[in-house]
Amino acid sequence: MNEGQLFAPEFFESEDDKEEERVFNIHGLQVRIFACPDHMQMTASGAYRRVWPSSVALAEFVLSKDLNSFGDSSIAKDTVIELGAGAGLCGISLAASSRYKEVILTDIDRNVLRLLRRNVQSYKDTASVEELSWQDINKSRLLAEKNAHLLLGADVTYDQNAIPALVKCAATLLPRGGAFLLALSFPRFADRVAQVEEHALLHGFVVHEMQHEKEVKILQLSWQKVGGGEREAPL
């Protein structure tokens, strides 16, 4: 989920938004989580608790790569933060892989946070949940102390008005040498790419397309290198 107003307030909850246990095969792992079914009524609360194709694609992409594929070789590769985690499939898949020491799933919606806490129970040695508003600079700075080398976001750009806060939050969280992977449904949100690139540049990021298949495009935001070093971002 992100922090935009995609739906009118009266559609934020519905009795039809029933969660059910689902099993996903992610890069050879069977990952069990609770989520709203794909056929449920499209309310905001339910939409945030669905598993979207971009989340599956991003989890598959990360787990198909070597640990050193993201971020500089000088930075530790043991902590991951997911922004707008929703039902949490992407982050929980990484936690289930045992490749990472800590995976932190973040969101802001109370129903999503409740669901996330339920879903991480089977992976509580590795996965945890934190409430995070992208506009909360103090909480972002606290989480930045985790020194997460990898940030994840799956379909968190559907509200273009939230993109500036998203990129600024990422710039606060991401250590020098880290990477932010952003998955977008394509071509549905094709126009968001230019907006992400615009705000990424303002914060000292460079954007690369990493993958584009199955109607999902994956972008990587990493720090610009200037004069042999990395540019300090204006926060």
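The model is predicted, so local features need pLDDT of at least 70 and side-chain atom pairs pLDDT 80 or more, whereas totals for chains, interfaces and linings use all residues. Residues are numbered from 1 along each chain as its sequence is written, and side-chain values use heavy atoms, without hydrogens or water.

Of its 235 residues, 55% count as buried, that is, under 20% relative accessible area with a 1.4 Å probe, protein chains only.

Next, select Ile33, Leu58, Val62, Leu150 and Leu152, which touch the most other members of the largest nonpolar core, a set of 43 residues. Such a core joins buried Ala, Val, Leu, Ile, Met, Phe, Trp, Tyr and Cys residues through side-chain atoms within 4.5 Å. Helix H2 (residues 53-63) supplies the largest share of this core, six residues. A second, separate core holds 31 residues, including Ile81, Leu83, Ala162 and Ala165.

Return to Ile33 and show its surroundings. Beyond neighbours within four places in sequence, Ile33 is in contact (heavy atoms within 4.5 Å) with residues including Phe24, Val51, Leu89 and Asn119.

Finally, select Ser185 in strand E7 (residues 179-185). Ser185 counts as buried because its relative accessibility is 12%. Its side chain makes a polar contact of 2.5 Å with the side chain of Asp155; the term denotes a pair of N or O atoms within 3.5 Å, one able to donate a hydrogen and the other to accept it within protein, with residues adjacent in sequence counted only if both atoms are side-chain atoms. Not counting residues up to four places away in sequence, Ser185 also touches Ser54, Ala190 and Glu215.

Definitions and conventions:
Buried means under 20% relative accessible area, exposed over 50%, partly exposed in between (1.4 Å probe, protein chains only). Helices (H or I, at least four residues) and strands (E, at least two) are DSSP runs, numbered from the N terminus.
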